[in-house]
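Here is a short briefing for a reader who is meeting this structure for the first time. Please keep the sequence and the model in view while going through the points below.

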Amino acid sequence: GANTVTLTGVDASGNTSTVTATVTVVDNTIPTITAPADISLNVDANSCVAAVSGVTLGSPTAADNCSVTTANNASGNFVLGANTVTWTATDGSGNTATASQTVTVVDNIAPTVVTQNVIVNLDALGNASVTTADIDNGSSDNCGITLSLDVTTFTCANIGVNTVTLTGTDAAGNSSTASATVTVVDNITPTTTAQNVTVNLDASGNATITTA
């Protein structure tokens with residue numbers, strides 16, 4: 001800032017005279033800053049983000065010829081993937097320098113898969129099918145879920161109890177499975193058509209017929 005100095009002149013007879021001047025000292029040296037090491041962290045429980053308030057970022061290393069303060073721009077939530085945190089060093093003269101830190105958020109929470117047993121009836125052609133919606137009973141995940149079934153179609157060969165597996169997979173590749181039973185039922189009565197026939201008795205007075 002501004003500093004007042006006094007210049008004094010003295011001659012050989014001892015006469016003096018003074019005058020003042022202002023010396024303005026300027027700090028134009030930019031601070032140096034090194035961001036904390038990059039970190040990786042998991043999403044918060046039952047969430048698809050990591051709250052900044054719960055994350056320890058570490059401390060930057062900063063230096064300046066005068067005093068220096070540091071701050072970062074992190075706020076709110078860190079989302080899945082790479083998040084950039086910018087650290088700023090500021091000295092008393094307003095000179096600044098920045099450095100970046102990467103915060104990588106990963107999802108390591110597997111889906112919760114819940115199933116229900118179902119009963120399906122064979123159609124007139126002897127076929128039946130189920131969907132993931134038929135078997136699902138409220139499956140969920142903190143970041144979204146995709147459901148799949150290992151068996152979806154059934155025939156007369158499957159009449160009775162069949163075990164199927166429902167798999168839930170999230171975007172991060174985490175997966176869980178649960179089983180359910182699909183009971184295949186045939187409740188369609190046969191259609192029977194008969195025809196009249198004439199048979200001749202043999203020499204012993206007997207005759208036979210077949211179902212055909």
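Leaving aside neighbours within four places in sequence, Leu 57 is in contact with Pro 36, Ile 39, Asn 72, Ala 74, Phe 78, Val 85, Trp 87, Gln 101 and Val 103. The model in which these contacts are found is a predicted one. Leu 57 and Phe 78 are the residues with the most contacts inside the largest nonpolar core, which has 16 residues.

**The nonpolar cores**

**Pro 36, a contact of Leu 57**

- Pro 36 is found in the loop between β3 (32–34) and β4, and with a relative accessible area of 10% this proline is buried, because the limit for that class is under 20%.
- Not counting residues up to four places away in sequence, Pro 36 touches Leu 57, Gly 58, Ser 59, Pro 60, Trp 87 and Gln 101.
- Although Pro 36 and Ser 59 are 23 residues apart along the chain, their C-alpha atoms are separated by 5.6 Å.

**The chain as a whole**

- The protein chain has 1 helix and 16 strands.
- The radius of gyration of the protein chain is 42 Å, well over the 17 Å that the globule rule gives for 212 residues, and the chain is therefore more spread out than a compact globule.
- Along its principal axes, the C-alpha trace of the protein chain spans about 175 × 20 × 20 Å.
- Of the contacts between residues at least 6 apart in sequence, 53% join residues that are at least 24 apart.
- Thr 192 is placed in the segment after β16 (175–185), and this threonine is exposed, with a relative accessible area of 74%.
- The C-alpha atoms of Thr 192 and Ser 17, which are 175 residues apart along the chain, are separated by 136 Å.

**The disulfide and other cysteines**

- The count of disulfides comes to 1, and this link joins Cys 48 to Cys 143, with a distance of 2.0 Å from S to S.
- The link of Cys 48 and Cys 143 is right-handed, with 115° about the S-S bond.
- Cys 48 lies in the loop between β4 (39–42) and β5 (50–51), whereas Cys 143 lies in the loop between α1 (132–135) and β13 (146–149), so the pair ties together parts that are 95 residues apart in sequence.
- Cys 48 counts as partly exposed, at 26% relative accessibility.
- Ser 47 is also found in the loop between β4 and β5, but this serine counts as buried, at 17% relative accessibility.
- Not counting residues up to four places away in sequence, Ser 47 touches Asn 142 and Cys 143, the latter being a partner in the disulfide.
- Cys 66 is partly exposed, with a relative accessible area of 45%, and Cys 156 is likewise partly exposed, with a relative accessible area of 45%.

- β16 has a covered face made up of Ser 176, Ala 178, Ala 180, Val 182 and Val 184, and an uncovered face made up of Ser 175, Thr 177, Ser 179, Thr 181, Thr 183 and Val 185.
- Strand β15 (residues 160–169) runs antiparallel to β16, with 10 bridges joining the two, and the bridge partner of Gly 168 in β16 is Ser 176.
- β15 and β16 form a hairpin with 5 residues between them, and Gly 173 in the turn has a positive phi of about 90°.

Notes: Residues numbered from 1 in each chain as written. Predicted model: local features only at pLDDT ≥ 70, side-chain atom pairs only at ≥ 80, totals over all residues. Heavy atoms only, no water. Core = buried A, V, L, I, M, F, W, Y, C linked by side-chain atoms within 4.5 Å. Buried < 20%, exposed > 50% of the residue type's maximum accessible area, 1.4 Å probe, protein only. Contact = heavy atoms within 4.5 Å. Helix = DSSP H or I, 4+ residues; strand = E, 2+ residues; numbered from the N terminus. Rg over C-alpha atoms; globule rule 2.2 N^0.38 Å. Disulfide = S-S within 2.5 Å. Pairing = 2+ DSSP bridges.
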